[in-house]
Amino acid sequence: MARRTKEEAQETRSRILDTAEQVFFDKGVSRTSLTDIAEAAGVTRGAIYWHFRNKSDLFEAMFARVKTPFEELIEATIDTNEPDPLARIRELLMLIFEGTATNPQRARVLDILYFKCEFTEEMGAVLSRHTDAMRDAREKMAAGLRNASAKGQLPADLDTRQAAVMLHGFLNGMLADWLLSPDHIDLGKDAGVYIDALFDMFRNSAALRVRGGVGR
């Protein structure tokens with residue numbers, strides 16, 4: 001009986017998340033109330049509060065479901081024992097692009113994050129965590145690029161901090177552009193071309209060199 005109760009609770013939680021995803025997508029986050037989600041899911045507001053503290057907590061749980069576990073690849077890019085860190089960075093970007101292009105749920109959730117989530121006061125916690133996550137991503141990108149420079153895959157005097165900002169902007173910009181016009185950008189097919197072009201810029205752009213010849 002206890003096992004069945006636990007399974008039912010998990011089913012209810014999943015139904016709430018599925019419903020929130022669709023309602024957020026249809027109406028936008030700020031225009032969606034927990035009552036809207038409860039009514040659409042066929043549950044009470046109390047059922048939502050049993051599983052989630054508030055709307056921002058629900059949003060974070062919804063977003064977490066589509067995150068692919070990239071931790072191993074990310075760690076490989078900054079591991080000094082990794083012989084080909086640039087290939088690991090490329091592989092990670094390819095997984096993100098191809099995975100988004102072929103996974104409707106991930107595309108829908110990213111569409112909500114990029115275009116339908118107003119960071120109002122009630123979503124302040126989400127904004128704070130999102131800002132921290134972006135800062136952490138740029139720092140790890142910079143570390144991965146430094147590792148590639150140390151292996152001779154990128155110039156030794158590459159300004160990896162500026163390159164990481166460009167890499168992060170490239171990633172988010174490509175995803176946003178594709179979400180807005182998927183018929184004009186073949187993200188799954190052409191992702192490798194865009195990534196390789198960016199890496200070529202890192203190798204050849206004089207503007208991305210550190211004065212004095214020592215990278216940072």
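Which residues of α4 meet which residues of α8? I found S56, F59 and E60 in α4 against A125, V126 and R129 in α8, taking contact as heavy atoms within 4.5 Å.

I kept in mind that this is a predicted model, in which local features need pLDDT of at least 70 and side-chain atom pairs count only at pLDDT 80 or more, while totals for chains, interfaces and linings use all residues. Residues are numbered from 1 along each chain as its sequence is written, and side-chain values use heavy atoms, with hydrogens and water left out.

Helix packing. I noted that α4 (residues 55-64) and α8 (residues 124-150) pack at an angle of about 40°, with their axes 8 Å apart; helices here are DSSP runs (H or I, at least four residues), numbered from the N terminus, and axes are lines fitted to C-alpha atoms over the stretch in contact, with angles running from 0 to 180 degrees between N-to-C directions. That angle makes α4 oblique to α8 (under 35 degrees is roughly parallel, over 145 roughly antiparallel, 65 to 115 roughly perpendicular, the rest oblique).

Around F59. Leaving aside neighbours within four places in sequence, I listed F24, V29, I112, L113, C117, M123 and V126 as the contacts of F59.

Aromatic pairs. I searched the whole structure and got four, ring centres having to lie within 6.5 Å, with planes under 30 degrees apart stacked, over 60 edge-to-face and the rest tilted. F97 and F170 form an edge-to-face pair, 5.8 Å centre to centre with 85° between the planes. This pair links F97 in α6 (residues 85-102) to F170 in α9, 73 residues apart.

Note on methods
Helices (H or I, at least four residues) and strands (E, at least two) are DSSP runs, numbered from the N terminus. Rings of Phe, Tyr and Trp (its six-membered ring) pair if their centres lie within 6.5 Å; planes under 30 degrees apart count as stacked, over 60 as edge-to-face and the rest as tilted.
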